[in-house]
Structures are given as C-alpha cells and as structure tokens.
Amino acid sequence: MAFLGVILAGGKSERMGRDKATMQWQGESWLSHMASLLKTAGAKEVIVCGREAPPYVFLPDIYPNAGPLGGIHAALRYSLSVHQLPLLIVPVDIPSATAEDLVTLVQHSNKAEAVTYKRSPLPIYLNADASQLTNLEAILNNDTMNNAIHHWLENVLHFELPVSPPFKNINRLSDLEA
C-alpha cells in the first residue's frame, strides 16, 4: 500500500532548549532517524513540515503557529493536490519509535479514516480525504476553537489501537533520562 511519510518538525523546541530535529539518536539526527523509519515502514516519499530539511520535500505551514495541526494541514493539502495518497505522520520527537510501530498503524488503515495508538494522537495514519481538509481548515480558521489534535480527531472517524508502544514524546532533556 502506497503512502506518504510525513515528519512534523516545525516546533520551536523551547522546552528542550535546542533544535530537536538535529539532536542525535543512535548516531543520526532525530530527523534522519524518523525519515529512515518511515522509509523502512514503506513510505513512497518522505516530506517534512515546518522546516527545510534537504533532501526531503519541505512543506511550510500555511497556518503558522498552529502547532501539529498546521503541519498535518500542509501535508494533507499536498497529498490531495499532488499524490492522492494516505499519510503516515510522525513527530520528530519520538526517536524510540520503531518501523514496526509504524507498520502496525498501516496494517489497521482499513478500520477508519485515521488510526492512532491509544492515548497518543501521534503517530497517525490518515487516509487523505477532501472532507478532512475542509474540517481541518474550519478548525484552523476559527480562533475560538481548540487547535489540539484531540479536538480535530473528535470530528474524524478514528480508530485507536488498544495498546500503545513504549515510545513517548521527548520534550525536555530530562525526558531522555526517564
């Protein structure tokens, strides 16, 4: 099954105190590591949202300062206009994830428009659809709405895999020691 791999790397890394995308994990940057995981999981192409990261396709956020939803929106819009492919979206800050964790999401893609792990909105497998783009734009255009991924997923046919892998977002240096 063909899909696009998407890395969300547009955060300011304020809690970390340094750029997360350039931090090292097993001898490579977190960004390169996540790209390798997506390729191993079967991504046709890897794109990066929020920052330029040659040699990968770069997508700037159309909605700046919208957090992960801004990157998801840019990737969904790109897919619908260029490839018409589903998306496997990962944040740059889960370096302990494995390709198997991502493949499991892909394997359950027929269950809903979006597939995640329980209590973890990212990574997410998203079957690209124009109605999702419309829904996402409505949230991003409404300043009074909560731009959290959880809020958006309330409006998407969403399936949660019951068991979460042992990865977590790394937001602070102390998270690496935990």
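At what angle do the axes of helix H1 and helix H3 cross, and within what distance do they come? In this predicted model, the axes of H1, which spans residues 30-41, and of H3, which spans residues 99-107, come within 9 Å and cross at roughly 50 degrees. On the side of H1 the contact is made by Leu37, Leu38, Thr40 and Ala41, and on the side of H3 by Ala99, Leu102 and Val103. Sorted by class, the residues of this contact comprise six that are nonpolar and one that is polar, with no charged residue among them.

The chain in which this pair of helices is found holds six helices and nine strands. Of its 178 residues, 50% are buried. When contacts between residues at least 6 apart in sequence are considered, 68% of them join residues that are at least 24 apart.

Helix H2, covering residues 68-83, has 16 residues and reaches 21 Å from its first C-alpha to its last, which is close to the 22 Å expected at 1.5 Å a residue. The buried residues of H2 are Leu69, Gly70, Gly71, Ile72, His73, Ala74, Ala75, Leu76, Tyr78, Ser79 and Leu80. H2 is followed by Gln84, a residue whose phi is positive and near 60 degrees.

The packing of two helices is described by the angle between their axes and by the distance between those axes. For H2 and H4, the angle is about 150 degrees and the axes are 10 Å apart. Since angles over 145 degrees count as roughly antiparallel, H2 and H4 are described as roughly antiparallel to each other. In the contact itself, Leu69, Ile72, His73, Leu76, Arg77 and Leu80 of H2 meet Ala130, Gln132, Leu133, Leu136, Glu137, Ile139 and Leu140 of H4. These residues divide into nine nonpolar, two polar and two charged.

Glu137, one of the residues on the H4 side of this contact, lies in a helix that runs over residues 130-141. Glu137 counts as partly exposed because its relative accessibility is 24%. Apart from its neighbours within four places in sequence, Glu137 is in contact with Tyr63 and His73, and His73 is one of the buried residues of H2. The C-alpha atoms of Glu137 and Leu69 are separated by 9.5 Å, although the two residues are 68 places apart along the chain.

Among the strands, E6 (residues 87-91) contains Val90. Val90 is classed as buried because its relative accessible area is 0%. With neighbours within four places in sequence left aside, the residues in contact with Val90 are Val6, Ile7, Leu8, Met34, Leu38, Leu102 and Pro123. Two of these, Leu38 of H1 and Leu102 of H3, also belong to the contact between those helices. The C-alpha atom of Val90 is 6.8 Å from that of Ile124, a residue 34 places away along the chain.

Pro123, another of the residues in contact with Val90, is placed in strand E8, which covers residues 120-126. The peptide bond leading from Leu122 to Pro123 is cis, with omega near 5 degrees. A cis peptide bond also joins Pro54 and Pro55, with an omega of about 15 degrees, and Pro55 is found in the loop between strand E4 (45-49) and strand E5 (57-59).

Most residues other than glycine have a negative phi, and most peptide bonds are trans. Against that background, Asn65 has a positive phi near 60 degrees and is located in the loop between E5 and H2. Asn65 counts as exposed because its relative accessibility is 70%. Arg119 likewise has a positive phi, of about 60 degrees, although it is not a glycine. The position of Arg119 is in the loop between strand E7 (114-117) and E8, and Arg119 is exposed, with a relative accessible area of 70%.

Technical notes
Residues numbered from 1 in each chain as written. Predicted model: local features only at pLDDT ≥ 70, side-chain atom pairs only at ≥ 80, totals over all residues. Heavy atoms only, no water. Axes fitted to C-alpha atoms, helices over the stretch in contact; angles between N-to-C directions. Helix = DSSP H or I, 4+ residues; strand = E, 2+ residues; numbered from the N terminus. Contact = heavy atoms within 4.5 Å. Nonpolar A, V, L, I, M, F, W, Y, C, P; charged D, E, K, R; others polar. Expected span 1.5 Å × (residues − 1). Buried < 20%, exposed > 50% of the residue type's maximum accessible area, 1.4 Å probe, protein only. Parallel < 35°, antiparallel > 145°, perpendicular 65-115°, else oblique.
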